[in-house]
Amino acid sequence: ADGTKEKHWLIHTQVGQAYLAEANNTYKYLEAAQEAAKYLKEKQNWQDPETERIMIRFVTYNPRAYMYSITDADIRFSEYSKVFAVFRSHAVSIKPYKNVGTHWWVTTIIFDILFVVLVFKMAVV
């Protein structure tokens, strides 16, 4: 309750790295993050009753869609036991025109340009 801020990247904590270093856990990132969060909660007293805000960010990748996403959760606690939560998610494709033939690729680019022009026109009006 001294007003300090803490920041932890769960899979890069000592507990998360130790979990990943164990046999057969090399790619179990979710479980490593869960172990690190459990350690912070149980051993580091991370659930301080004076906590006013918790911000969590998830960065994920979908290999089937070739997309990265960032999801933010901003959770605030009031003095009167009210919880205010704001969630935001953004995604970006790293291969937007995969497996598209040349003529379809050109058509898709043209429609993308028209969409962007339309969005800008709507924003100006």
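# Exercises on a Predicted Model

In this protein, residues 24 or more positions apart account for 25% of the contacts with a separation of 6 or more, where contact means heavy atoms within 4.5 Å. The model is predicted: local features need pLDDT of at least 70, side-chain atom pairs count only at pLDDT 80 or more, and totals for chains, interfaces and linings use all residues. Residues are numbered from 1 along each chain as its sequence is written, and side-chain values use heavy atoms, with hydrogens and water left out.

## Exercise 1. The overall form

**Solution.** 

Step 1. The protein contains three helices and three strands. Helices (H or I, at least four residues) and strands (E, at least two) are DSSP runs, numbered from the N terminus.

Step 2. The C-alpha trace spans about 60 × 50 × 20 Å along its principal axes.

Step 3. Of the 125 residues, 11% are buried. Buried means under 20% relative accessible area, exposed means over 50%, and partly exposed lies in between (1.4 Å probe, protein chains only).

## Exercise 2. Two aromatic pairs

**Task.** Find which geometry the pair of Tyr 27 and Tyr 29 has, and which geometry the pair of Tyr 61 and Tyr 68 has.

**Solution.** 

Step 1. A pair of aromatic rings is described by the distance of the centres and the angle of the planes. Rings of Phe, Tyr and Trp (its six-membered ring) pair if their centres lie within 6.5 Å; planes under 30 degrees apart count as stacked, over 60 as edge-to-face and the rest as tilted.

Step 2. The structure holds two aromatic pairs. Tyr 27 and Tyr 29 lie 6.4 Å apart, centre to centre, with 75° between the planes, and this pair is edge-to-face. Tyr 27 has a relative accessible area of 67% and is therefore exposed; Tyr 29 has 41% and is therefore partly exposed.

Step 3. Tyr 61 and Tyr 68 lie 4.6 Å apart, centre to centre, with 40° between the planes, and this pair is tilted. Tyr 61 is partly exposed, at 36% relative accessibility, and Tyr 68 is partly exposed, at 40%.

## Exercise 3. The surroundings of Ser 69

**Task.** Decide where Ser 69 is placed, whether Ser 69 counts as buried or exposed, and which residues it is in contact with.

**Solution.** 

Step 1. Ser 69 belongs to strand E2 (residues 67-77).

Step 2. The relative accessibility of Ser 69 is 16%, so this residue counts as buried.

Step 3. When neighbours within four places in sequence are left aside, Ser 69 is in contact with Phe 58, Val 59, Thr 60, His 90 and Ala 91.

Step 4. With the side chain of Thr 60, the side chain of Ser 69 makes a polar contact (2.5 Å). A polar contact is a pair of N or O atoms within 3.5 Å; within protein, one must be able to donate a hydrogen and the other to accept it, and residues adjacent in sequence count only if both atoms are side-chain atoms.

## Exercise 4. Positive phi in two loops

**Task.** State what value phi has in Tyr 66 and in Ser 81, and where Tyr 66 and Ser 81 lie.

**Solution.** 

Step 1. Most residues other than glycine have a negative phi.

Step 2. Tyr 66 has a positive phi, near 55°. Tyr 66 lies in the loop between strand E1 (53-62) and E2, and is partly exposed at 26% relative accessibility.

Step 3. The charged end of Lys 95 sits over the ring of Tyr 66, 4.7 Å from its centre. A charge sits over a ring if NZ of Lys or CZ of Arg is within 6 Å of the ring centre and within 35 degrees of the ring normal.

Step 4. Ser 81 also has a positive phi, near 65°. Ser 81 lies in the loop between E2 and strand E3 (83-93), and is exposed, with a relative accessible area of 70%.
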